[in-house]
Each structure stands twice: as structure tokens, then as C-alpha cells.
Amino acid sequence: MDTTPDLNKPTEKPTGVYSLEVREVRHYTERLFFFRTERPVEFRFRSGEFVMIGLPPEIQGSKTVWRAYSIASPAWEEHLDFYSIKVPGGPLTSKLLGIEPSDHVWMRKKPTGTLVHDALIAGEHLFLLCTGTGIAPFASIIRDPETYEKFEKVYLIHTCRERGELQYGYDLVDEIRNHEILAEIVGDKLVHCATTTREESERTGRMTDLMRSGQLYDELGIKPLNSQTDRVMICGSMAMLQDSKTLCENAGLKEGSNSMPGEFVIERAFVG
Ligand code: A2P
């Protein structure tokens with residue numbers, strides 16, 4: 001019997017997987033894009049969690065390739081947002097970047113992850129450190145009212161190579177400032193600090209270097225990381241995770257997890 005899938009026919013999705021209609025696609029730069037899908041009514045997640053995303057074989061052109069994607073929309077939204085890099089020759093993203101509204105993507109039903117409030121103990125200031133598409137889980141966290149119930153100040157610190165790559169972050173903060181309900185909840189608690197490394201901008205340099213030198217704290221008018229008051233969530237490349245973890249540990253902060261909440265958390269699902 002021939003078991004080769006007929007790629008012209010929609011394939012039946014496996015169990016434990018949603019087939020989600022794409023509602024919107026935005027290409028930010030040659031390397032970065034955003035897509036929005038419908039959200040199944042029964043699908044629940046905590047802001048900051050990730051899911052596995054793939055394409056049906058008829059779009060993938062072969063067996064489904066699964067990759068971890070943070071849900072970039074908050075838990076209360078009626079749709080699901082994702083923010084993706086385009087990896088040249090990447091088995092999933094080289095196909096995913098061609099999706100258009102009304103296409104379908106596949107999503108495994110079980111969300112998970114450590115960049116969640118449950119993995120942090122109480123504090124006063126929340127630092128969200130991210131590079132590139134590492135901003136995605138924080139796009140969810142900064143629009144979650146729980147964040148502002150738990151923290152007095154939230155610092156979203158984002159480093160990218162070029163200015164165009166910061167746009168998604170600026171759009172998010174604009175959206176919050178103009179949102180009927182969120183604007184009031186967030187007030188002046190959210191501070192957005194964006195830096196670039198390969199193009200001049202308002203603030204140039206890796207966040208980690210700017211934190212080590214103290215320049216970033218001085219410019220924001222705040223004190224350096226302190227384990228009594230500060231909590232940190234980190235999302236980026238392996239090198240960035242390692243450097244940021246060292247910064248936290250040098251300041252006396254201890255790593256947390258869902259089972260043992262701590263003072264900083266890292267998401268390792270996207271690297272490697
Ligand atoms: P750089 O240009 O100095 O490499 P990428 O797009 O390659 O994932 O990188 C996103 C951003 O993360 C870039 O601005 C990059 O800076 C920065 N970056 C890379 N490694 C580190 C690190 N160890 N600590 C902080 N930022 C980093």
C-alpha cells in the first residue's frame with residue numbers, strides 16, 4: 001500500500017493538535033514577522049507560556065516540523081499572536097513566512113514554560129530582559145493585568161541588531177498606552193528601554209554591557225539589580241541567557257521554576 005501523503009489534499013490533523021486559521025500576518029523586517037490566529041474557546045494558557053507550532057504537510061511539503069513559539073498575546077485576548085524569526089533555509093520558518101490570512105497552522109494543545117508569574121516570588125520591580133524575538137513572551141506579560149497587581153514597576157529591556165527590529169516593541173507599548181482599559185491599569189508602571197547593537201539608535205549597546213557598566217540603571221534613574229526588590233525574566237539566545245543569568249546571580253538572585261519559585265527565570269526552549 002502506498003503510504004505517501006497526498007500533499008494536494010488537506011491532511012487530517014493528529015490528535016492533541018489544533019488547526020488554527022491565520023487572521024493576520026505582518027512582516028516587520030527581512031528577518032522578523034508576526035502572525036495572528038483564531039483561538040479555540042476552550043484553549044487556556046498562562047501569559048508567558050509557549051506552545052509547539054507546525055504546518056500541515058500540504059504547506060510544509062513534508063512531515064510537520066514542530067518548533068516552540070511563545071504566545072505573544074495575553075491570556076485574556078480572543079486571538080493568539082506569535083512573533084517569529086525567518087531562519088534562512090530553516091525547515092519550519094522558511095515555509096511559515098509564506099502564510100497568509102485564511103491559511104491554517106497547527107498548534108499542539110499543551111502550553112508550558114517558565115516565564116510565568118507562578119515561577120517568581122513576590123517583588124517590587126520586574127525586569128523583562130530580551131533580545132530579538134525573545135520579546136514575544138513579554139508581549140503577553142506586559143498586557144496582563146496581573147503583572148501590574150504584582151509589581152510597582154515593569155522594565156521591558158529589549159536589544160536588537162537594528163532599529164527596524166525594535167518596531168514590534170514600540171507598537172506594543174503604543175497599543176497599551178492607547179488601550180481603553182490597559183492604559184489605566186498600566187499607568188506609568190511600564191518602562192520601555194530599547195537598544196541596538198549594529199546600528200546607531202537612541203541607546204546603543206547590548207543591554208548586558210549597559211547593565212554591567214551601570215549606564216542603563218543611571219539612564220533609567222534606578223538602582224542596580226537587588227535580590228530584595230527585583231525579579232527578572234530572561235528570553236533570548238543561549239549566549240544572552242548565560243550573560244543575563246550571570247548578571248542576576250552576581251546580584252544575589254536565585255533562579256526559579258514552576259515547582260520552586262525564585263527571583264529570576266529563564267526560558268531555554270527556543271535555543272539550540
Ligand atoms: P550583537 O549584535 O552584539 O551580536 P540575534 O538577532 O543574533 O539573535 O541578536 C539579537 C541581539 O542580541 C543583537 O543585538 C545581539 O548583539 C544581542 N546579543 C547577542 N549575544 C548577546 C549576549 N550574550 N548578551 C546580550 N545581548 C546579546
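**Salt bridges and the nonpolar core**

Glu 175 and Arg 143 form a salt bridge, with their closest N and O atoms 3.1 Å apart. The pair joins distant parts of the chain, 32 residues apart. Glu 175 belongs to helix H5, whereas Arg 143 sits in the loop between H3 and helix H4 (145–150). Glu 175 counts as partly exposed because its relative accessibility is 32%. Arg 143 counts as buried, at 1% relative accessibility. The cut-off for buried is under 20% relative accessible area. The model is predicted.

In total, the structure holds 14 salt bridges. Another of them pairs Glu 219 with Arg 203, where the closest N and O atoms are 2.6 Å apart. Here too, distant parts of the chain are linked, 16 residues apart. Glu 219 lies in helix H8 (residues 215–220). Arg 203 lies in the loop between strand E9 (190–196) and helix H7 (207–213). Glu 219 has 40% relative accessibility and therefore counts as partly exposed. Arg 203, at 18%, counts as buried.

A further salt bridge brings together the side chains of Glu 255 and Arg 268, at 3.2 Å from N to O. Glu 255 is in the loop between helix H9 (238–250) and strand E11 (264–266), and Arg 268 is in the segment after E11, so the bridge ties together parts 13 residues apart in sequence. Glu 255 is partly exposed, at 30% relative accessibility. Arg 268 is also partly exposed, with a relative accessible area of 43%. Elsewhere, salt bridges form a network that links Glu 24, Arg 26, Arg 36 and Asp 81.

Attention now turns to the nonpolar residues. In soluble globular proteins, nonpolar side chains tend to be buried together. The largest nonpolar core in this model has 32 residues. The members that touch the most others are Leu 128, Phe 138, Ile 142, Leu 156, Tyr 168, Leu 190 and Met 233. Strands E2 (32–38), E7 (125–131), E8 (153–160) and E10 (230–235) each give two or more residues to this core. Helices H3 (136–141), H5 (167–178) and H6 (182–186) do likewise. The core lies between domain 1 (17–108) and domain 2 (117–266), because both give residues to it.

Leu 156 illustrates the packing. Leaving aside residues up to four places away in sequence, Leu 156 touches Leu 128, Cys 130, Ile 135, Phe 138 and Ile 142, among others. Its contacts also include Val 173, Leu 190, Val 191, His 192 and Cys 193.

Key: Residues are numbered from 1 along each chain as its sequence is written. This is a predicted model: local features need pLDDT of at least 70, side-chain atom pairs count only at pLDDT 80 or more; totals for chains, interfaces and linings use all residues. Side-chain values use heavy atoms; hydrogens and water are left out. A nonpolar core is a set of buried Ala, Val, Leu, Ile, Met, Phe, Trp, Tyr and Cys residues joined through side-chain atoms within 4.5 Å. Buried means under 20% relative accessible area, exposed over 50%, partly exposed in between (1.4 Å probe, protein chains only). Helices (H or I, at least four residues) and strands (E, at least two) are DSSP runs, numbered from the N terminus. Domain bounds come from an automatic or database domain assignment. Contact means heavy atoms within 4.5 Å. A salt bridge is a side-chain nitrogen of Lys or Arg within 4 Å of a carboxyl oxygen of Asp or Glu.
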